[in-house]
Amino acid sequence: MENCPETSTHLETQVFFCVTKKLRGPHHVVINHDVIQFCKESLKVLEEYRIADIFGIDIIPTNSSSLYICLFCYPRQKSTFCCGNFSTAQHRQKLRILIQVGGEGCSLAHNENIAWEWKRRVLVVLHNLYPRIDRIQLTSKRRILTIINPKSGKGNGITIFKKNVAPILQNCGIELELFITEREGHAKEKMKSLDFSTVNGVVTVGGDGILYEVINGFMSREDADDWSHIPFGVISSGSGNGLARSLAHASGESSDYLRDPVQSSMLAVARGNTVPINLVTVESDDTLTYAFLSYGMGLFGDIDIESERLRWMGERRYTLWAFHRILNLRKYPVTLTYTPLEADSEVSVEKEEFVLIHSSWTSHIGTNVNFSPTSVLGDGVLHLVYITEASRSQILNVLLSLEHGAFLNSKCVKYVKVKEFCIDAGDRDIPGNPTIDGELCHGKKMRIKISDKKLNVFCL
């Protein structure tokens, strides 16, 4: 029998040598329910970390029979005092904990058994905490197709991926297949031809636009229902990041998202937890389009599309172009009909000139635009807002109060929760710049309603 300390793989407690600044030296390591504890010989807890804050676990070989268990953690830092101000915001910070497995006289096979058993134990706890995480994490690495739009936002998607995304996801046990789009519609083509049996998820690096292409490419497949379990994700680096912001809001990660949107949305992918969100169908003439975020015409659509010339500015482009549009306020004649959530029959709004008509089924349509504060992911509710009569000062107040949803209290704003709605421009295309998920669309009549299909997305 080998002369090894702690030869049993029983995991109530085990002595390991830790190679981390705060934890250097031998420690009793204990997995206690949903935390991992590092204790003295007296079993007094020195450090404790939530297993929910572990986003990756790897086993690293050495030149000897020993090896390391590496925990990639993102715990929330404690409250800090800086520059005369006390901050209670607890942001996630990266922490790597190295635990050495093996001692004098222990074989490599023995040490591997110990390390793999500890890895399995951590992953089982994570799976119990997050029942929707992919079970493949318990046995092998996940393979994620990563689609990058190099022109999204400020055009630094590839740099962000190589520097901030790929190393961390790989450390978290994810194999990445990279696809860089070369033209409009390229991502949609990729989704139509992809062999989904080779991947465990699809993630876009960019804004809402690239994900819009991906989703519509996927939904156009004849076998889309067969792969409906495949999760999708977005790592926020574009100028329109409504879905990523909504997912962070829903999971209580808003503070971290606003501090570092790339890290926050990336950790959702690393965790592997998923939630179902609503898809909406937009029927226009002879076309059917799927949307995951919003539909709009009038002021918001005009700002979104016309500010494309300022894409290099990132999301600041919207603020600048909003002032331009207020000074040159437009109104568009269309007929709006809708079915209120609590009604069975369609209610008609007489033909009006609208400043805007906009609807969303997520909380946010941009980083700082809380369009529907009461929205719940996957609840099947369309939040419809429209404005007919308003002064420039009223419109300015609406735009200035978008961040926290206070604009809904404005006298000029009409807000209703609906099952579906329709915009009809008669014998001509809907005027202005109507948009689906921020992308320009065309048609004389558009009917928007909740689809019976949902999309699984990565969410903390």
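Student: How many bridges join strand β2 to strand β3, and in which sense do they run?

Tutor: Two strands count as paired if DSSP finds at least two bridges between them, strands being DSSP runs of E with at least two residues, and helices runs of H or I with at least four, numbered from the N terminus. In this predicted model, β2 and β3 (residues 35-39) run antiparallel and are joined by five bridges, with Cys39 in β3 as the bridge partner of His28. The hairpin that they form has two residues between the strands, and His33 in the turn has a positive phi of about 60°.

Student: How are two packed helices described?

Tutor: By the angle between their axes and the distance between the axes. Helices α2 (residues 157-171) and α7 (residues 261-271) pack at about 35°, their axes 10 Å apart, where axes are lines fitted to C-alpha atoms over the stretch in contact and angles run from 0 to 180 degrees between N-to-C directions.

Student: Which residues of α2 and α7 meet?

Tutor: With contact meaning heavy atoms within 4.5 Å, Ile160, Asn164, Val165, Ile168 and Leu169 in α2 meet Val262, Met266, Val269 and Ala270 in α7.

Student: What should I know about the numbering and the confidence limits?

Tutor: Residues are numbered from 1 along each chain as its sequence is written. Local features need pLDDT of at least 70 and side-chain atom pairs count only at pLDDT 80 or more, while totals for chains, interfaces and linings use all residues, and side-chain values use heavy atoms, leaving out hydrogens and water.
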